[in-house]
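Okay, everyone, thanks for coming. I'd like to walk you through some helix packing and then the nonpolar cores.

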Amino acid sequence: MAPGAFLCLILSVGALCAARGAAFVYHDYCVLGAGPSGLQAAYFLQRAGRDYLVFERSHAPGSFFAIYPRHRKLISINKRYTGKANGEFNLRHDWNSLLSHDPRLLFRRYSRQFFPHADAMVRYLEDFAALLELRVQYDTAIVHVTLDKDPQAWNGHYFVLMDQNRQHYKCSILLVATGTWVPNVVNFPGSEYVEGYETVSINPEDFAGQTVLILGRGNSAFETAENILGVTNFIHMVSRSRVRLSWATHYVGDLRAINNGLLDTYQLKSLDGLLEGDLEDLAIVKDKKGKLHITLRFYLENRNTSAGVDSVTLPQDELDNFATRAPYDRVIRCLGWKFDFSIYNRSLRMMPGRGNKNKYPQIKPSYESRGTRGLFVLGTASHSIDFRKSAGGFIHGFRYTTRAVHRLLENRHHGVPWPSALRPVTQLTTSIIKRVNEASGLYQMFGVLADVVLLRENATAFEYLEEYPVGILAELETQTGRSAPEGLFVVLMEYGRNFSGADKDVFYYNRAVGEAQHAWQSNFLHPVIYYYKRLPTEREMKLRPPDWPLPRPAAIHHIVEDFLTDWTAPNAHVLPLRRFLENCLGTDLRSFFAESCFLFALTRQKLPPFCQQGYARTQGLAGSERLRRHAVAAGLLEDFAATDFSGDKLPGGDQLLKDHGVPVHPLQHLLNAKDEL
C-alpha cells in the first residue's frame, strides 16, 4: 500500500471514530422509564444538581397507568384524612404520592376517592413531571443497551443506549425504572384460544349469558371477575396456588377486599368457583360449536393424530364428576406481568431471579444489578428484594427505596455522606420514639429499611441515619461515609413471626398483646430495636436465622404493639425502651433538675449524661415560677418558697442550718416508674 493511501486510511478511521463519538449524547445518569419510580429518581437527581435524562417511550409519563388496570380502579388507598397534620405521618396512609418539596403534589389533591380512578394517577404524574420541570425525553424507546469498557469511567465502563431511531446515548449510571409490563403467558395445547387480560373486552354486556374460565388468581383475575360477575352464567377460576388474602398475609400485592366478590359467590354456593391446578398440565379443545373444553395435556399428546377433535379424550370420559366438565364460552388469561429482559445485551448479565422471583431481574440488597456495577433497578422491577413481604413493588414503598439508592450514589460518586443528625445521647429515647410514631418509610418498608443509630464519643452522643437498607448493614461504612466504631442500634418495624400467612387466622381471639413484658410476642406491626456492639459482618448477614432481617444482636427490644399505632404511652412504650437503651449503654438517660445533679455530683463518681451536658456545664432549662411549682407538686423539689423568714435580719448561719436545713433524701422517689420519666 502506498504511504499516501495508508495515511488516507488512518484519517478515514479517525474521522469515523470522531463521527461515532459525536453521535453519542452523554449524561452522567440515564433513567429508563418515566413511570412513578423513574420520576421519583429524576426528582432526587434534579434536587442534587446532577446531569441526568429520563427516557420515556410514550408521549407522556405514566403510560402503564393510561392502560392498566383495565377496569380503571386502583387498589392503592388514598386516605385523605387521618386526624393529624403531620405530613410524614400522613404519608403512611397515602399510597400514591411521590416524595417532593411541593405541597401541591400530594395525591389527595387529585382524587377524593379512597380507591382512585387510574386516570387521576396519569394526571398526577403529568403534573409531577411538569411542575418540577424534570428532564424527560418522550417518544424515545430504548431498544438496546450494552457496555463500553473504559477504565476512566466511574465503574470501569459506560452504558451505551440505542433508541428506535438508532440514536446512541452514553451514561455512567443506568437506573432501570421500566417496571414489569410484559404479560406472563403459559403455553399449552389450545392456548391460542385464550384471551389476554391486556386485550379482553371490559364491557360486561359482551359476557352476558356466557360461561367463563379465568386463568390466574391475583388482583387482575379477580378484578376481571368482579366486572362480569353479574352477567355471566358462572365463572370458574383456576391457578396453581391457593388464594392469598392481603389482610391475612399483610402483603398488599395479594388479593384485596375490593375485588373479592367472587369469593362470596363461591362460598355461598352461587355457581362460581375456584380450583387449583398446574396450568402447564392443561389443554383446551374447541368443539364444532365453538365451545372450549378443558382436558389434560396427557390425553391430547396420546391421542391418534389422524383422528378429529371429537376423538380427544376428556377427563369426564373417565371421571364423570370432573370439576370442569362443563364447556366454556371464553377463557381469559390474567397471570400478571414480568420484566422485559430483551433489550439488554448479554454483556450486562441481566438475569432473571429464581423460583417465584423469576419475573424480576436479580439484584443485590442495594438494588444494584448482580451482574453489572452501576446498573440499579428501581420501582416495581426491584420487588425481588421484598417480594411477598413488604411494599417495595408499589409506590408507597419504592418512593423510599428510590431515595435510598440516590443516597448510596451520592456517597459513592459525589462524596456526599448519607444524611445524619448528631445529637447528645440524652435525646436517644425521644429520637427513636419520634421516628417510630411518624416515619412513613419505616412503616411501609417494614423489615427492609431501618433507622441506624451510630454511637459516638464514648456513647455520650449519637448519629442518626434514616431509612437505610438493612440488607447491606455490613457495608454501612463504605456505603454511607459514616463510621460505627462504638456500636449501633437498628430500628425496624416488624410483624409477629407467626402472625401473617395464607393459612393463618389473623382474627383469632386474644390476638393482641397489651402488656409491655410480653412485647416480644406482639403480632401486629410494631417497632423492634436491635443493639450491636460492632457492625455485623457479611458472613453474619448470610448466616442469620431464617426469616430474620438481621443477624442475632447483642440485645433486642420489642415495643409492644399498639391498637392506634401510637407508641407514646409513658409506661407501656417509653419507659421500657429507655431502660433497654440504658442497659445497653450502661448509663442513665433520664433528665434531672439541678438539685438532683448537685446531689449526684456529691455522691457519685460519674454523673448521668444529662447532668454532664447540662448542669456541669452550667447549661440547662431556664427556671420559671411555673416550672418550680410543677417540680414541687411532683415531689422533685423542696418548697423553699414556703419558708418564712420574719423580721429585718436573717437568722445566723448556725440557726439557719439548724431550723431550716434541707434534709438530704436519697432521691428514692426517682426510682418510681411513674416519676422517672
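**Helix pairs and cores**

So, let's start with helix H11 (residues 428–438) and helix H15 (residues 570–585): their axes come within 10 Å and cross at roughly 130 degrees. That makes H11 oblique to H15. For the cut-offs, under 35 degrees is roughly parallel, over 145 roughly antiparallel, 65 to 115 roughly perpendicular, and the rest oblique. Axes are lines fitted to C-alpha atoms, for helices over the stretch in contact, with angles from 0 to 180 degrees between N-to-C directions. Helices here are DSSP runs (H or I, at least four residues), numbered from the N terminus.

The crossing of H11 and H15 is right-handed, meaning the near helix is turned clockwise from the far one by less than a right angle, with anticlockwise being left-handed. On the H11 side, the contact uses Leu 428, Thr 429, Ile 432 and Ile 433, and H15 brings Val 574, Leu 577, Arg 578, Leu 581 and Leu 585. Contact means heavy atoms within 4.5 Å. By class, that's 7 nonpolar, 1 polar and 1 charged residues.

A word on the source: this is a predicted model, where local features need pLDDT of at least 70 and side-chain atom pairs count only at pLDDT 80 or more, while totals for chains, interfaces and linings use all residues. Residues are numbered from 1 along each chain as its sequence is written, and side-chain values use heavy atoms, with hydrogens and water left out.

Staying on H15, Pro 576 sits in that helix. Pro 576 is 17 residues from Ile 559 in sequence and 7.8 Å from it in space, C-alpha to C-alpha. Beyond four places in sequence, Pro 576 touches Ala 516, His 557, Pro 570 and Asn 571.

Next pair: helix H2 (residues 36–47) and H4 pack at about 20 degrees, axes 11 Å apart. That makes H2 roughly parallel to H4. This crossing is left-handed.

Now, which residues touch the most other members of the largest nonpolar core? Leu 32, Leu 161 and Leu 175, out of 67 residues. A core is a set of buried (under 20% relative accessible area, 1.4 Å probe, protein chains only) Ala, Val, Leu, Ile, Met, Phe, Trp, Tyr and Cys residues joined through side-chain atoms within 4.5 Å. Helix H4 (residues 118–131) gives this core its largest share, 8 residues. A second, separate core of 32 residues includes Leu 442, Met 493, Trp 567 and Leu 577.

Notes
Helices (H or I, at least four residues) and strands (E, at least two) are DSSP runs, numbered from the N terminus. Ala, Val, Leu, Ile, Met, Phe, Trp, Tyr, Cys and Pro count as nonpolar, Asp, Glu, Lys and Arg as charged, and the others, Gly among them, as polar. Buried means under 20% relative accessible area, exposed over 50%, partly exposed in between (1.4 Å probe, protein chains only).
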